[in-house]
Amino acid sequence: MAPVATPVRAASGEGLVCALTFDDGPNGKDTAALLDFLSTRGIRAVFAVIGEQIQALGDPEAPVPFWRAPNGRWGVTAEVAVQLGMQPLDVVNVIEDWIDQDTDLLADRLRAVMTLGELVLVHGGGGDRAGSVSAAIRVVDERRAEGGSFTLPIGAE
């Protein structure tokens, strides 16, 4: 599917699906724990790496299929992203985990904003994100126990 300038906010698939997106990583032990969790559960997610941290991926040829504007400020970045072959993502379901890292509070926020058929954003880097990662692990396991699944955003190959 060719990227379009209108930012996507929908998860691919049907039924009890949601697409996980993680911002501002990678971040040492928090990202490693998150990747281990996702891997053991067979869950794919989108990671929006920032700045020089992209070097931590270890593969300069890794495809970058999605773009999320920093702080949701689009300007002309959606059009530029499309020209570069990236699909802009419109992540509006956020848990405000840049404010605090209380796991119970973040898990409650994640439950509240995890909308079926849409994307949800959790920060997996950019400082101490242990609470964010713990909340994501808790809520993802809960949703899976309820029959939910996690897919990529519409437009993923």
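Author: The answer begins with the chain, turns to the aromatic pair, and then takes up two further sites.

The model is a predicted one. Its chain averages a pLDDT of 86, and 89% of the residues score at least 70. The secondary structure consists of four helices and six strands, arranged along the sequence in the pattern β-α-β-β-α-β-α-β-α-β. Of the 157 residues in the chain, 37% count as buried. The chain exposes about 8300 Å², of which carbon and sulfur atoms supply 55%.

The structure holds one aromatic pair. Its members are Phe 22 and Phe 47, whose rings lie 5.1 Å apart, centre to centre, with 25° between the planes. The pair is classed as stacked because planes under 30 degrees apart count as such. Phe 22 belongs to strand 1 (residues 17–25) and Phe 47 to strand 2 (residues 46–49), so the pair ties together parts of the chain that are 25 residues apart in sequence.

The link between strands may be set beside the contacts of the chain. Among contacts between residues at least 6 apart in sequence, 76% join residues at least 24 apart.

The loop between strand 4 (87–88) and helix 3 contains Glu 96. This residue has a positive phi of about 55° although it is not a glycine. Most residues other than glycine have a negative phi. Glu 96 is partly exposed, with a relative accessible area of 36%.

The buried residues of helix 4 include Val 133, Ala 136 and Val 140. In an α-helix there are 3.6 residues a turn, so residues three or four places apart point the same way. Gly 131, Ser 132, Ala 135 and Val 139 are also among the buried residues of this helix. After helix 4 comes Gly 147, with a positive phi near 100°.

Key. Residues numbered from 1 in each chain as written. Predicted model: local features only at pLDDT ≥ 70, side-chain atom pairs only at ≥ 80, totals over all residues. Heavy atoms only, no water. Phe/Tyr/Trp six-rings, centres within 6.5 Å; stacked < 30°, edge-to-face > 60°. Helix = DSSP H or I, 4+ residues; strand = E, 2+ residues; numbered from the N terminus. pLDDT = per-residue confidence, 0-100. Buried < 20%, exposed > 50% of the residue type's maximum accessible area, 1.4 Å probe, protein only. Contact = heavy atoms within 4.5 Å. Areas by Shrake-Rupley, 256 points an atom, 1.4 Å probe, with all protein chains shown as cover.
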